[in-house]
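Please examine the sequence and the structure shown below.

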Amino acid sequence: MDNAIVFKCNSDTVIIVLHEIYGINNHIRKICEMLANGKNDVICPNLLLPSQSFSPEEEVIAYKNFIQNVGFSFAQQQVEKLSLKIRNDYKYRFIIGYSIGATLAWLCSQREGLYNGIVGFYGSRIRDYKDIVPKCPTLLFFPRKEEAFDINSLTQELSTKEDISIVQVNALHGFADPWSSNYCSEVSEETIRKTIDFINRQRQ
């Protein structure tokens, strides 16, 4: 996980940010800076090759690269390895993931006692792991629709699980990324506020 983003401010809280298939891009850097400005330690591991990143226009290539060269299982192992390494350094530990990063956060939520909460933005591949029961409070943001599957069916099924909050917004996949064609500033700001509120509630 070379070229990780790390912000240290001697906080009792660490937030692990998990990027999309594009790698650590401008959007992810801005998110990390925003969270660090809120007096949180922030770590964003690079789950791709060193210095590797893709533009939104390279979506097909980026997805193929992640599936063939990384994969959910290996990425999950890397995130959990990092989490265990820093476990005793922080009172509170959270994950915020975007797209495949949200699915990774969902996979990691199975580890009891390792996280105080996870937040996932448009983790469409969560549909492949619906049987997971998170062992920590979970907040998931989904768009109003997805091209590849019935998003409403997924949100309804997930909402029956305990300690999971589902928020379906009136925007499309990628709404939180200013460099995405689906960016929606109003929804992005709203979901960030809900994310910060969620994290603060777990620390009370």
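C9 is partly exposed, with a relative accessible area of 33%; buried means under 20% relative accessible area, exposed over 50%, and partly exposed in between, for a 1.4 Å probe and protein chains only. The model is a predicted one, in which local features need pLDDT of at least 70 and side-chain atom pairs count only at pLDDT 80 or more, while totals for chains, interfaces and linings use all residues. Residues are numbered from 1 along each chain as its sequence is written, and side-chain values use heavy atoms, with hydrogens and water left out.

How many disulfides does a search of the whole structure find? The search finds 0, where a disulfide is a pair of cysteine sulfur atoms within 2.5 Å. C9 is in no disulfide, since the nearest cysteine sulfur, that of C32, is 12 Å away. C108 is buried, with a relative accessible area of 0%.

The aromatic rings come next. Rings of Phe, Tyr and Trp (its six-membered ring) pair if their centres lie within 6.5 Å; planes under 30 degrees apart count as stacked, over 60 as edge-to-face and the rest as tilted. By this rule there are 8 aromatic pairs. One of them joins F66 and F72 edge-to-face, at 5.3 Å centre to centre and with 70° between the planes. Both residues, F66 and F72, are buried. F72 also pairs with Y129: the ring centres are 6.1 Å apart and the planes stand at 70°, so this pair is edge-to-face. The pair links distant parts of the chain, 57 residues apart, with F72 in helix α3 (residues 72-86) and Y129 in the loop between β5 (117-121) and β6 (138-142). Helices (H or I, at least four residues) and strands (E, at least two) are DSSP runs, numbered from the N terminus. F72 has 10% relative accessibility and therefore counts as buried, whereas Y129, at 27%, counts as partly exposed. Elsewhere, ring pairs link Y98, F121, Y122, F141 and F175 into a cluster.

The residues of α1 that are buried are H27, I28, I31, C32, L35 and A36. An α-helix has 3.6 residues a turn, so residues three or four places apart point the same way. The cover over the buried residues of α1 includes β2 (13-18) and α6 (185-202), with contact meaning heavy atoms within 4.5 Å. Just after α1, K39 takes a positive phi of about 70°.
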